[in-house]
Every structure is written in structure tokens, then in C-alpha cells.
Amino acid sequence: MNVSEFQADLRAWLDDNDLTPGADHSLEAHIKQFGRVCAALYDADWMRYGWPVEAGGLGGPVMLRAVVGEEVVGRGLAEPGPYSMLEVLAPTMIDYAPPELAAEMVPRLLSGRELWCQGFSEPGSGSDLASLSTRATPDGDNWIIKGQKVWTSFAQYSTRCVLLTRTAPGHDGITAFFVDMDTPGITVRPLRTMHGVDEFCEVYFDDVVVPAERMLGKPGDGWRLAMDLLPFERSTCFWQRIAYLYSRMDRLIAETTETDDAELGEAYLALHTLRCRSRATQHRLDGGTRLGPDTSIDKVLLATAEQKLFDTARGMLPGAIELNDSSWRTEFLYSRAATIYGGTSEIQRNIIARRLLDLGKE
Ligand SMILES: Cc1cc2nc3c(=O)[nH]c(=O)nc-3n(C[C@H](O)[C@H](O)[C@H](O)COP(=O)(O)OP(=O)(O)OC[C@H]3O[C@@H](n4cnc5c(N)ncnc54)[C@H](O)[C@@H]3O)c2cc1C
């Protein structure tokens with residue numbers, strides 16, 4: 001399928017089918033709107049292109065799904081945060097879940113019927129993910145899970161969780177499961193962030209029984225799964241976020257009478273550099289390349305561009321961030337998280353130094 005024709009047809013469809021969000025800007029409203037948009041796009045097949053037929057998709061280049069994300073988020077029909085979960089979690093399910101489970105579940109995610117979350121980080125195990133201690137113990141045909149996760153985005157709205165557990169010591173002792181969030185023993189406690197939204201949660205697992213067929217891969221495959229998932233979280237899921245950032249730059253220019261051209265130019269350059277890099281990554285994925293540590297470059301560029309843009313907004317809209325309860329304030333505060341989520345910028349720079357530039361350990 002030709003990408004430009006696909007984009008033109010999608011644009012025409014979006015012009016004809018009004019999916020404009022309502023005036024409610026709560027997280028709950030954003031999540032509802034995200035479900036509404038996914039359902040409409042799935043029913044009209046747009047959300048199925050670029051995903052494998054075995055998982056309910058219609059095939060075609062993976063670039064097509066990037067085009068859908070760009071149009072939807074760039075037009076402000078859905079927020080970039082929830083949208084990114086599609087690109088982070090669906091490829092992992094397709095690669096690691098038993099095929100019949102992926103075939104059953106992935107369409108539920110793409111069609112907005114379900115939202116899923118990612119249970120990796122724990123108190124004390126963020127950057128040092130391999131030290132995680134949530135334990136899974138075999139018990140006949142089941143596994144019993146006990147432990148705690150933290151910073152689990154959208155857990156309170158999620159039906160399932162891609163969960164990392166410890167089944168033995170070391171990197172080879174990490175095992176992943178696809179867990180139903182309504183299983184007895186799971187407690188979700190939302191956490192209020194500094195931008196005033198309960199975006200992520202603490203999730204407690206108290207002797208949670210998970211059937212063995214919900215394991216993703218084999219026992220001990222969890223680290224490999226994480227190393228395959230994180231490149232998506234650090235690169236391809238940004239294409240739609242970049243569209244959102246461009247829309248904010250346009251809005252900033254529209255809202256200011258006196259522009260600081262030098263600052264704006266720098267912000268634009270950072271954004272454009274990111275988009276060029278991200279485009280190359282999308283093409284590499286499309287060409288069959290397995291994404292790896294090189295995506296740490298995309299992550300550093302994203303964090304730099306996002307923070308530069310909102311720093312520029314802070315300079316050009318005096319008081320909008322410090323004194324007003326505007327969306328600029330919320331977005332500025334959220335942009336501070338860009339150097340943390342998906343792996344901190346310090347960790348990405350370590351990866352670039354050690355694994356891409358071979359500069360040694362310290
Ligand atoms: C908005 C948001 C959403 C998130 N969503 C999820 C989610 O859905 N699921 C999930 O599992 N996690 C999620 N996270 C968690 C995220 O992955 C972690 O916060 C991140 O990996 C950092 O871990 P930490 O918070 O434990 O910080 P730490 O690892 O404790 O790091 C603290 C500081 O020390 C620095 N540091 C640590 N080790 C080194 C080192 N070796 N060299 C140099 N500096 C170092 C870090 O860069 C950082 O500045 C989310 C985080 C945010 C902010």
C-alpha cells in the first residue's frame with residue numbers, strides 16, 4: 001500500500017467523521033476519548049493497517065500505523081500518552097504471547113475495547129530494572145505472584161498488564177506474564193503527579209494466581225522481552241508524540257505577539273532533528289531491522305526537544321506557566337518527565353557511550 005495515498009484517504013475520512021473531543025480535560029475523559037477514537041478507527045479498518053494479519057491486523061508496511069498515530073494525535077483527537085501504549089505493548093504481545101492469545105487480545109487493544117499497562121518498574125528497580133523482585137512461584141498449572149510495581153501508567157483504567165517478575169536469580173531469572181487486572185489480590189493505588197493528574201499508580205500483587213498459559217515466552221525470557229519492548233518505548237511510539245509537539249509549537253506561535261525568534265528557532269531545530277531521526281527509525285523498522293540500543297538516541301532527542309519547546313513557551317508567555325492554571329502549565333510540568341519515562345536520559349547516554357560508541361564502562 002502506498003503511504004501517501006493511505007495518508008490522503010485517512011485525512012479525508014477524518015475530515016468526514018467528526019471525532020473531536022469534548023471540553024472535559026480530565027484524565028478519565030482523555031481515556032474515554034482515546035477508546036472512542038480507537039473504536040471508530042478500528043471499525044473503519046484504519047487502526048488495523050500495519051499490524052500482522054495473525055493478530056487481527058490487515059498487514060501492510062508498519063509505516064501505516066505511524067501515519068494513523070500522527071494524524072490522530074496531531075489533530076488533537078487523542079492524547080499522546082495513552083496512544084503510545086499501542087505501539088509499546090502490541091508488538092511485544094505479537095512477538096511473545098502464544099499465537100492464539102495474541103490473536104484474541106491484540107484486537108481488543110487496537111479497537112479501544114481495552115487499555116493495557118506495563119508493569120516493569122518497582123520501588124528501587126527503575127534504571128536498574130534487572131534487580132526487580134516481584135516474585136512468581138510455580139504452583140501446578142498456575143504461577144503465584146507477590147510483590148509491588150510503581151509508576152504503572154494508566155493501571156487504574158487497564159484490563160491487562162504486561163508484567164515482569166522474578167522466577168530465579170539474575171537476568172535469566174526474569175519472566176513475563178500477561179495478567180488480568182481484575183484477578184483477586186491486585187490492588188491499584190493511583191499516584192498524583194506534580195502536573196495534577198493521577199497518571200500512574202502503585203500496583204500491589206498479593207498472591208495473585210496467574211495461569212501458566214499467560215506466560216509471555218518461556219521462563220527466563222523476561223529480560224529479552226524487556227530489551228525488545230524498550231526500543232519501541234524509546235522510538236517508534238514517539239512519531240505521534242512529535243506530531244503533538246508540532247501542534248503545540250503552532251499554538252505557541254499563534255498565541256504570542258512578540259516572538260523570540262532565536263529561542264523559537266532552537267526549539268524548532270530540536271523538534272525537526274527529532275523528527276528526522278524518528279523517520280529514519282520508522283524506515284529501519286519497516287525494512288525489517290530489529291530495533292535495539294540505537295533507539296536511546298531517539299529518546300534523548302525526544303526529551304531534549306520536548307523540554308526545549310516548553311521552556312520556550314515559558315519564556316514567550318510570561319506568567320502562563322507560573323501564574324495561570326492553563327494547559328501550558330500542565331504541559332510544561334509534564335515535559336519534565338520526558339527525561340525520566342522509558343529510561344532516564346542519564347541511562348540513555350550511558351547506553352549510547354557503552355553500546356554504540358564503545359567508550360568503556362566509566
Ligand atoms: C510519566 C512516567 C510514566 C511512567 N510509566 C511507567 C510504566 O507505565 N511502567 C513502568 O514500569 N514504569 C514507568 N515509569 C517508570 C520509569 O521507567 C522510571 O521512572 C525510570 O526508569 C527511572 O527509574 P527510577 O524512577 O526508579 O529512578 P532511579 O533509577 O532511582 O534513578 C534516579 C536518578 O539516578 C540516575 N541514575 C540511576 N542509575 C544511574 C547510572 N547507572 N548512571 C547514571 N545515573 C543513574 C537516574 O538517571 C535518575 O536521575 C514511568 C515514569 C514516568 C516519569
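Twenty residues line the largest cavity, and Arg 65, Ala 66, Gly 69, Tyr 83 and Glu 87 are those nearest its centre. On a 1 Å grid over the protein atoms alone, a cavity is a set of points where a 1.4 Å probe fits but cannot get out, a pocket is an open set with protein on both sides within 12 Å along at least five of seven lines, and lining residues have an atom within 4 Å of a point. The model is predicted: local features need pLDDT of at least 70, side-chain atom pairs count only at pLDDT 80 or more, and totals for chains, interfaces and linings use all residues. Residues are numbered from 1 along each chain as its sequence is written, and side-chain values use heavy atoms, with hydrogens and water left out.

The largest cavity holds about 160 Å³ of space, a volume being the space filled by probe spheres set on grid points that are joined across faces, edges and corners. At least two lining residues come from each of α3, α4, α7 and α8 (261–286); helices (H or I, at least four residues) and strands (E, at least two) are DSSP runs, numbered from the N terminus. Its lining comprises 13 nonpolar, five polar and two charged residues. For these classes, Ala, Val, Leu, Ile, Met, Phe, Trp, Tyr, Cys and Pro count as nonpolar, Asp, Glu, Lys and Arg as charged, and the others, Gly among them, as polar. Because domain 1 (3–114) and domain 3 (235–357) both contribute to this lining, the largest cavity lies between them; the domain bounds come from an automatic or database domain assignment.

The second largest pocket has a volume of about 860 Å³. Of its 37 lining residues, His 25, His 30, Glu 79, Thr 330 and Glu 331 lie nearest the centre. Two or more lining residues come from each of α2 (27–43), α3 (63–74), α4 (80–96), α7 (238–255) and α10 (327–335), with α7 giving the largest share, five residues. The lining of this pocket divides into 13 nonpolar, 14 polar and ten charged residues.
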